[in-house]
Amino acid sequence: NASEGMRLINLDEDGVDRAFRQDVLAGLKQVPKAIPARWLYDDAGSQLFEEITQLPEYYPTRAETDILKTRGGEFAELIGPGRAVVEFGSGSSVKTPVLLSAIAPAAYVPLDISGDFLRASSAELAAKFPGLPVYPVEADFMRKVALPDAVSDMPKLGFFPGSTIGNMVARTAVDLLRTVRETLGEGSKLLIGMDLIKDPDVLIAAYDDAAGVTAEFNYNLVRRINRELDGDIPLEFLRHEARWNDDFARIEMHLVAQKDISFSVSGQPFALAQGESLHTENSHKFSRRTGNTLLLAGGWTPTHRWLDSKERFSLVLADA
Ligand code: AVI
């Protein structure tokens with residue numbers, strides 16, 4: 001009947017919630033238990049990530065900004081003016097203006113899955129660059145995106161900062177790089193941030209800061225599960241842990257049970273034994289070679305590479 005149909009349609013349209021529930025329930029049934037890192041970023045999580053980027057231990061944001069600020073002349077020479085800059089993610093209020101000032105682009109196209117974030121950051125940027133056409137596109141860039149007609153004849157520069165590529169396992173990262181190449185087309189370039197392998201103590205401090213902001217970022221996922229998926233996970237018995245996985249060259253975030261616990265999520269029962277963990281994020285780190293190999297596998301030929309003055313982070317320029 002009609003009302004039944006409406007209810008079903010409403011449920012179907014509630015796509016995010018369904019995907020969240022499905023990912024969390026599937027992840028809790030996995031061995032070892034793991035939840036995809038994308039669910040860390042609700043409003044509270046995005047706010048906490050912004051705070052993380054300001055922490056003394058979290059060097060990637062400062063290091064990448066340092067490269068952008070000091071190498072503007074080289075970017076201008078290698079990239080040239082008149083490109084449409086297509087940013088994967090809705091843009092940082094600091095990094096994006098530095099790049100745009102350096103290379104004199106013909107247009108700026110931020111892509112983001114969150115329309116609210118996208119509109120706010122696009123308005124801010126348009127105010128800073130009054131002559132620059134800005135065409136925000138609300139889209140999931142894990143799939144090929146149709147760019148606005150206005151930029152179809154312009155050469156493109158993809159900008160993918162922050163080492164966000166490192167939050168994906170290699171298979172997903174390669175799929176994304178190939179999709180990015182399809183979105184941008186032949187003759188385009190890509191400027192991508194890749195965090196570097198370094199002393200594990202430095203890495204662990206960056207993901208387990210003294211002020212406990214990264215721990216809060218991790219705990220926020222549990223709060224979100226409890227709130228949105230009717231869970232009763234006892235957060236007081238979970239401890240944030242940043243672990244260096246040397247075989248896979250990545251920092252992992254975990255929530256480790258301090259004693260045997262049982263709980264339910266969406267009416268389904270689960271348990272964690274003492275010492276068992278819920279794996280919530282990977283942040284892969286790269287060497288020159290592993291970074292280049294990943295780009296090549298994704299269809300991009302690296303041509304130039306820059307490090308910050310303390311050699312903690314890399315920005316790589318590649319050709320499609
Ligand atoms: C967004 N991403 C690149 C961050 C990183 O460093 O992997 C997310 C993050 N997780 C904990 N701290 C920061």
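**The ligand and its surroundings**

In this predicted model, an oxygen atom of the ligand lies 2.5 Å from an N or O atom in the side chain of Y58, a polar contact being a pair of N or O atoms within 3.5 Å (within protein, one must be able to donate a hydrogen and the other to accept it, and residues adjacent in sequence count only if both atoms are side-chain atoms). A nitrogen atom of the ligand is 2.8 Å from an N or O atom in the side chain of N167, and a polar side-chain atom of Y207 is 2.5 Å from a ligand oxygen atom. Alone, the ligand would expose 340 Å², and the protein buries 96% of that (areas by the Shrake-Rupley method with a 1.4 Å probe). The ligand is surrounded by 14 residues, each with a heavy atom within 4 Å of it.

Now to E276, which sits in the loop between β10 (268–272) and β11 (277–284); strands are DSSP runs (E, at least two residues). E276 is partly exposed, with a relative accessible area of 29%, where buried means under 20%, exposed over 50% and partly exposed in between (1.4 Å probe, protein chains only). The side chain of E276 reaches the backbone nitrogen of A273 at 2.8 Å. K33 and E276 are 243 residues apart in sequence, yet their C-alpha atoms are 8.7 Å apart in space.

Residues are numbered from 1 along each chain as its sequence is written. Local features need pLDDT of at least 70, side-chain atom pairs count only at pLDDT 80 or more, and totals for chains, interfaces and linings use all residues, while side-chain values use heavy atoms, leaving out hydrogens and water.

Definitions and conventions: Helix = DSSP H or I, 4+ residues; strand = E, 2+ residues; numbered from the N terminus.
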